[in-house]
Amino acid sequence: MPERDNRIHVKAGDIVMAQGEAGHCAYLIESGRIEILLTAPTGERQFIGTRGPGTLIGEMAIIDEGTRSATIRAIEDCALLEISRADFARRLDGADPILQMAMRTILARFRDLMQRSRLMHDVAHPPLLTVEDVERDHAHLPGAVEAITIANEFRPALEAGEITLHYQPIVDLRDGRPAGFEALMRWHRPGRGPLSPDIFIPVLEASGQIVAASDWVLREALRALGRIEAGSGRRGLFMSVNFSAQDFTTPDFPDRLLEAIGAAGIAPSQVHLEITERLLMAKPEDAQKTLTRCRQAGMGVSIDDFGTGYSSLSYLRAFPIDTLKIDRSFVTDMTANDNSMALISSIVALGKNMGLKLIAEGIETRDEAAMLRNMGCNLGQGYFFARPMAEEAVTAFAAQDRTIAF
Ligand code: G
Ligand code: G
Ligand code: MN
């Protein structure tokens with residue numbers, strides 16, 4: 001819902017929006033009434049109707065950035081809740097691409113219909129746009145074809161074994177020995193090369209398939225941990241699994257986790273849930289409930305890409321978190337940029353003061369590794385230590401159990 005400070009007040013007689021102007025927002029009428037007026041091409045003003053509390057006005061412009069199709073005037077003092085285009089776009093970005101296209105297409109057709117019905121009364125002025133122009137302007141969604149293809153191909157690809165997991169070691173920065181792994185999805189399409197999770201994960205989120213995908217990743221990664229331990233002779237390693245906001249909305253999520261842990265024959269403390277700040281902000285109540293149950297069962301909870309999401313720190317107090325993963329962008333920059341260095345030492349201090357563990361991501365050089373260790377960071381991940389690897393290679397890596405001096 002729009003926030004309180006988005007409320008505006010208009011007086012009876014005020015123009016809320018004028019036909020032909022660029023539209024930047026919509027309004028939800030909280031109280032009062034407005035009237036909708038149309039200026040016909042002949043210059044004549046037509047009364048269309050009135051609207052009252054609970055109705056949305058000016059909604060077309062926030063979908064397609066078009067101009068106002070009518071004039072709206074307050075006929076009583078009104079309180080209006082403003083919905084900006086940016087706010088709307090943020091909500092729309094995560095939605096299923098088919099829904100996005102359907103909405104844009106319907107609106108494009110509707111505008112076209114409005115325009116044609118108005119032009120029918122004005123033979124002196126020929127139409128400025130063709131139907132094709134309007135649809136091209138308003139209904140085209142870049143990337144939609146690719147997104148729909150990915151969404152349709154995911155399930156068959158999973159069944160065909162095109163989707164696999166790689167495991168990247170996370171090491172103890174005191175000695176470079178592996179402490180655990182992060183499971184990362186890989187999709188190799190025969191003949192077309194790899195598809196990055198940065199591309200397909202958002203599509204799975206938008207098309208509602210992420211819950212099934214995460215469930216598959218979880219079961220596969222936990223079983224793999226059991227095999228890696230057996231194959232390497234090492235015990236007590238952890239497996240970190242990435243989750244998305246929707247995973248937290250199913251009430252049986254903690255039960256499914258515990259069931260997968262039991263089936264894999266490992267301890268709950270060997271499982272770390274990796275989540276982003278965005279997830280916590282998207283579903284705070286779901287996240288709070290789910291994370292509390294998972295932590296009580298002994299699992300770890302890490303904040304991924306820490307420092308790049310919503311920067312309100314109050315959630316660190318509100319949610320049962322035990323680890324911060326310092327985003328790779330700070331580490332990449334740390335030797336060249338004093339501000340990145342200052343940010344990292346602040347994050348390390350914050351984490352230590354709150355009793356949290358710290359993992360630095362994206363460590364590529366010996367210098368970075370040494371500096372992060374000296375700053376008091378506990379764990380590290382990055383190409384300097386090891387790349388994400390298939391199960392067999394990561395088992396061999398763990399079996400070496402070698403210390404790395406740096
Ligand atoms: O390894 P790579 O850079 O391709 O991973 C890109 C991003 O995709 C990572 O930030 C990671 O969090 C995300 N990702 C990889 N595997 C999974 C997964 O199984 N589930 C979710 N939700 N995200 C994943
Ligand atoms: O978002 P998340 O932190 O889960 O993503 C981890 C991603 O970071 C994976 O795609 C992994 O392949 C990548 N990664 C891990 N170590 C390094 C590194 O040292 N350098 C770079 N550039 N990427 C890394
Ligand atoms: Mn991650």
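Hi everyone, and thanks for coming. Some housekeeping to start. Because this is a predicted model, local features need pLDDT of at least 70 and side-chain atom pairs count only at pLDDT 80 or more, while totals for chains, interfaces and linings use all residues. Residues are numbered from 1 along each chain as its sequence is written, chains are lettered from A and ligands numbered from 1 in the order in which they are written, and side-chain values use heavy atoms, with hydrogens and water left out.

Let's begin with the metal. Which residues coordinate the manganese ion, ligand 3? They are Glu182 through OE, Asn242 through OD1, Glu274 through OE and Asp304 through OD, at 2.0 to 2.4 Å. A donor here is an N, O or S atom within 2.8 Å of the metal (3.2 Å for Na, K and Ca), and water is not among the atoms, so sites may look incomplete. If you follow the chain, the donors show the spacing E-x59-N-x31-E-x29-D. Glu182 sits in strand S10 and Asn242 in strand S12, residues 238-242, so this pair links distant parts of the chain, 60 residues apart. For the names, helices (H or I, at least four residues) and strands (E, at least two) are DSSP runs numbered from the N terminus.

Buried means under 20% relative accessible area, exposed means over 50%, and partly exposed is in between (1.4 Å probe, protein chains only).

Now to ligand 2. It is surrounded by 16 residues, and the closest are Glu182, Arg328, Glu361, Glu364 and Tyr383. To be counted as near, a residue needs a heavy atom within 4 Å of the molecule. From Glu364, a polar side-chain atom lies 2.5 Å from a nitrogen atom of the ligand. Polar contacts are pairs of N or O atoms within 3.5 Å; within protein, one must be able to donate a hydrogen and the other to accept it, and residues adjacent in sequence count only if both atoms are side-chain atoms. On its own ligand 2 exposes 520 Å², and the protein buries 77% of that. These areas come from the Shrake-Rupley method with a 1.4 Å probe, and for residues only the protein chains shown count as cover.

What is that shell made of? Its residues divide into four nonpolar, four polar and eight charged. In this scheme Ala, Val, Leu, Ile, Met, Phe, Trp, Tyr, Cys and Pro are nonpolar, Asp, Glu, Lys and Arg are charged, and the others, Gly among them, are polar. Strands S10 (178-189) and S14 (300-306) each supply at least two residues, and S10 gives the most, with three.

On to ligand 1. The residues around it include Leu184, Met185, Arg186, Asn242 and Asp304. A backbone N or O atom of Met185 lies 3.0 Å from a nitrogen atom of ligand 1, and a polar side-chain atom of Arg186 lies 2.7 Å from one of the ligand's oxygen atoms. Ser244 has a side-chain N or O atom 3.2 Å from a nitrogen atom of ligand 1. Taken alone, ligand 1 exposes 510 Å², of which the protein buries 79%. By class, its shell has six nonpolar, two polar and three charged residues. S10 and H6 each supply at least two of the shell residues.

That brings us to helix H6, residues 197-206, where the buried residues are Phe200, Val203, Leu204 and Ala206. They cover an arc of only 165 degrees around the axis, which puts them on the same side of H6; the arc is that of the directions from the helix axis to the C-beta atoms. At the start of H6, a side-chain oxygen of Ser196 reaches to within 3.0 Å of the backbone nitrogen of Asp198. Just after the helix, Gly208 takes a positive phi of about 80 degrees.

One last backbone topic. Most residues other than glycine have a negative phi. Asp305, in strand S14, has a positive phi of about 50 degrees although it is not a glycine. Asp401, in the segment after H15, also has a positive phi, near 45 degrees.
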